[in-house]
Amino acid sequence: MKQNIKVKTDSNEIQCLYSQDVVYHDYGDCKRHLQMVFPYRQAMKADEKYPLILLIPGSAWHKQEMYNDIPQYAILAKRGFVVAAMEYRESDLATFPAQVEDVCNALKFIPGIADIFHIDTDKIFLMGNSSGGHIAMMSVLLHAHGLCDPLPKISGVICQSGSTDLVLCANEPLPPWMTVRPSAVLLGVDDTLAHKELAAKASCPMYITEDIELPPILLMHSEFDPVVSVANSRTLYEKLTVSHHKAAYYELEGNDAHGGAVFYDRAILDIVQEFCEKCLTQAIWE
């Protein structure tokens, strides 16, 4: 049976496109890639630009799975962000701070593709979950102290379930499915607690001082996170606020999610989008 239907099309509606495995740096024996998910409209103008989220996946600093979360990145793209999910050198290949160097190299690469992917290079956010949150935070902190290559202006950082204090993490029991502490591999040592000074130098708290400039920070963490203790975000937020830096913290009450779909819930994404808009409009920080 033939049936006719009328479908309304809106050329201004934001959809998204995906470009796979864009090489941002070649270390000779190791290429690193970006997964680009970006807004698209039928009526899109050539000079139309969107803010960039450089998204740093969590992986306990080991090799990242770069493709499973593409549908979730698309949700951010449909909200008007270009998402560049970056592959970084896993700890099995290179110890810290190689991962921060990867962030620097990814951001150096971005201007060369800005026109292709409609990126506004004056509006860049770092966003990471778990080890990715650690790398995002360490990137802006090392930059603030002149301890890594200069970064472009970062409008804000979104750190979710961040393993931001390696000493704190090392004092807590390993999840039952882990046999080797990830931070030990990251540092290139056998025992993180036997190298507390080295672990502290790869952690956020010691770098948070009143005399540095930081972009606004958004922290999110589940109250009962079984992988990375919520104490990481609680203590980081306290250190940021005591040092008079702009920070907001949302704790997911009664929740035990470490990452995944919970952090792409509409309520969470509304908070992320509001945070980004506030950073870009330079609204008064309360």
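User: Why is alanine 60 called buried?

Analyst: In this predicted model, alanine 60 has a relative accessibility of 19%, and since buried means under 20%, the residue counts as buried. Alanine 60 sits in the loop between E3 and H1, and its phi is positive, at about 55°, although it is not a glycine.

User: What makes serine 130 buried or exposed?

Analyst: The relative accessible area of serine 130 is 7%, and because the label buried applies under 20%, serine 130 is buried. Its place is in the loop between E5 and H3, and serine 130, which is not a glycine, also has a positive phi, of about 60°.

User: How do you know whether the radius of gyration agrees with that of a compact globule?

Analyst: For 286 residues, a compact globule would have a radius of gyration near 19 Å, and the protein has 19 Å, so the value agrees with that expectation. Along its principal axes, the C-alpha trace spans about 70 × 45 × 45 Å, and 52% of the 286 residues count as buried.

User: Which residues of helix H1 are buried, and what do they pack against?

Analyst: In helix H1, which covers residues 70-78, the buried residues are Ile70, Gln72, Tyr73, Ala74, Leu76 and Ala77. These buried residues pack against strands E1, E2, E3, E4 and E5 and against helix H8. As a general point, an α-helix has 3.6 residues a turn, so residues three or four places apart point the same way. After H1 comes glycine 80, whose phi is positive, near 100°.

User: Which peptide bond is cis, and what is its omega?

Analyst: The cis peptide bond joins phenylalanine 96 and proline 97, with an omega of about 10°. Proline 97 is found in the loop between E4 and helix H2, the latter covering residues 98-117.

Technical notes. Residues are numbered from 1 along each chain as its sequence is written. This is a predicted model: local features need pLDDT of at least 70, side-chain atom pairs count only at pLDDT 80 or more; totals for chains, interfaces and linings use all residues. Side-chain values use heavy atoms; hydrogens and water are left out. The radius of gyration is taken over C-alpha atoms; the globule rule is 2.2 Å times the number of residues to the power 0.38. Buried means under 20% relative accessible area, exposed over 50%, partly exposed in between (1.4 Å probe, protein chains only). Helices (H or I, at least four residues) and strands (E, at least two) are DSSP runs, numbered from the N terminus. Contact means heavy atoms within 4.5 Å.
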